[in-house]
Amino acid sequence: MLKNMFENKPTLSFEVFPPKKEGDFEAAYQVLDDLGSLSPDFISVTYGAGGSRAGKTVELASYIQNRLGIDAVAHMTCVGNRREDLLKVARALEENHVNHVLALRGDRPKDMTDEQFASRDFAHASDMMEFLGTHTPLQMAGACYPEKHFESFSMESDLNNLKKKQEAGAQFFISQLFFDNDYYYTFLEKAARKGIHAPICAGIMPITSARQISTTITLSGSSIPKALSDVIASYGDSPEDMRKAGIDYAIRQVRDLQENGVNHLHIYTMNKPSTAREIAAAVAR
């Protein structure tokens with residue numbers, strides 16, 4: 001079980017996403033092969049809003065689990081799925097010996113009406129976790145938000161929801177990306193006071209292009225500290241320099257986290273093994 005792994009040693013894990021086009025899958029397998037050569041403790045696989053690429057997630061997770069011999073964590077979202085949809089995906093994962101999922105509410109699909117959204121089977125990820133825990137053998141992870149989920153009224157409310165996920169069966173958590181470690185340290189202190197004891201993986205995304213940052217902020221709600229703004233201002237017009245500076249910033253984040261006792265690191269790779277390799281080389285394990 002992955003939960004036991006966190007108790008024994010520092011961990012390094014990666015996130016990948018399925019390609020949108022069927023013809024790009026050969027390249028996706030090469031990405032996985034390259035990431036696998038870095039000996040991560042697990043690799044998580046995303047899928048689209050409402051489970052639009054759930055089958056592709058299962059396919060890649062199976063490759064990670066069965067061909068690479070690395071634990072796979074398949075993302076599973078509930079915002080656009082009925083109970084029977086989730087059970088179908090769970091059966092497919094079980095048939096492929098994939099035992100772990102990252103249970104998420106997920107983003108509302110653009111074509112989902114207000115009526116559909118209001119009548120969905122699961123309002124929150126914790127609701128889906130309770131259902132999966134009752135009806136499947138899957139081991140579950142949950143998401144957490146160092147700067148709180150953008151829809152939450154307050155950090156206190158967000159921490160209460162995180163506690164519900166733990167009570168619903170989350171065995172560990174993976175954090176949303178962040179660029180200011182102080183937010184993460186404060187979050188860990190507050191989570192501990194709330195009674196959240198499950199291991200938490202720190203989510204790190206290297207910013208390797210100036211264009212990437214606007215999309216990242218929109219999707220994550222993460223704030224941009226002055227140190228990163230200065231990097232973008234200095235190197236944003238030079239793609240190669242920006243890539244080097246962005247990776248260096250992520251490495252400095254990682255080293256600071258480890259120096260402060262954070263030993264579980266999750267890298268949002270954006271399907272770029274070379275970037276992951278440079279960061280992994282700087283991670284003490």
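Is cysteine 201 buried or exposed, and what is its relative accessible area? Cysteine 201 is buried, with a relative accessible area of 0%; buried means under 20%, exposed over 50% and partly exposed in between, with a 1.4 Å probe and protein chains only. The views below come from a predicted model, where local features need pLDDT of at least 70, side-chain atom pairs count only at pLDDT 80 or more, and totals for chains, interfaces and linings use all residues. Residues are numbered from 1 along each chain as its sequence is written, and side-chain values use heavy atoms, with hydrogens and water left out.

View 1. Let us start with the sulfurs: the structure holds 0 disulfides, a disulfide being a pair of cysteine sulfur atoms within 2.5 Å. The closest cysteine sulfur to that of cysteine 144 belongs to cysteine 201 and is 8.6 Å away, too far for a bond. Cysteine 201 is likewise in no disulfide. Cysteine 144 counts as buried, at 2% relative accessibility.

**View 2. The closed barrel.** Here 8 strands form a closed barrel with parallel pairing, in the order E1-E2-E3-E4-E5-E6-E7-E8. Helices (H or I, at least four residues) and strands (E, at least two) are DSSP runs numbered from the N terminus, and two strands pair if DSSP finds at least two bridges between them. Neighbouring strands of this sheet are turned by 30° against each other on average, direction ignored; the axes are lines fitted to C-alpha atoms, for helices over the stretch in contact, and angles run from 0 to 180 degrees between N-to-C directions.

**View 3. Strand E5 and its partners.** Strand E4 (residues 100–104) runs parallel to strand E5 (residues 139–144), and 3 bridges join them. Valine 101 stands opposite methionine 140 in E5. With E6, E5 pairs in the parallel sense over 5 bridges, and cysteine 144 has serine 175 in E6 as its bridge partner. Strand E6 (residues 170–175) has 6 of its 6 residues buried, so it is largely enclosed by the rest of the structure.

**View 4. The second largest pocket.** This pocket holds about 180 Å³ of space. On a 1 Å grid over the protein atoms alone, a pocket is an open set of points with protein on both sides within 12 Å along at least five of seven lines, a cavity is a set where a 1.4 Å probe fits but cannot get out, and lining residues have an atom within 4 Å of a point. Grid points are joined across faces, edges and corners, and a volume is the space filled by probe spheres set on the points. Of the 14 lining residues, Tyr184, Leu188, Ile200, Gly261 and Val262 lie nearest the centre. Helix H8 (residues 181–193) gives the largest share of the lining, 5 residues.

**View 5. The cavity.** The structure holds 1 cavity of 30 Å³ or more, and the largest cavity has a volume of about 50 Å³. Its lining includes Tyr145, Glu147, Lys148 and Ser220.

**View 6. Two loops with positive phi.** Serine 39 is not a glycine, yet has a positive phi of about 55°. Serine 39 sits in the loop between helix H2 (25–36) and strand E2 (42–45) and is partly exposed, at 48% relative accessible area. Histidine 97, in the loop between helix H4 (83–95) and E4, has a positive phi near 60°. Most residues other than glycine have a negative phi.
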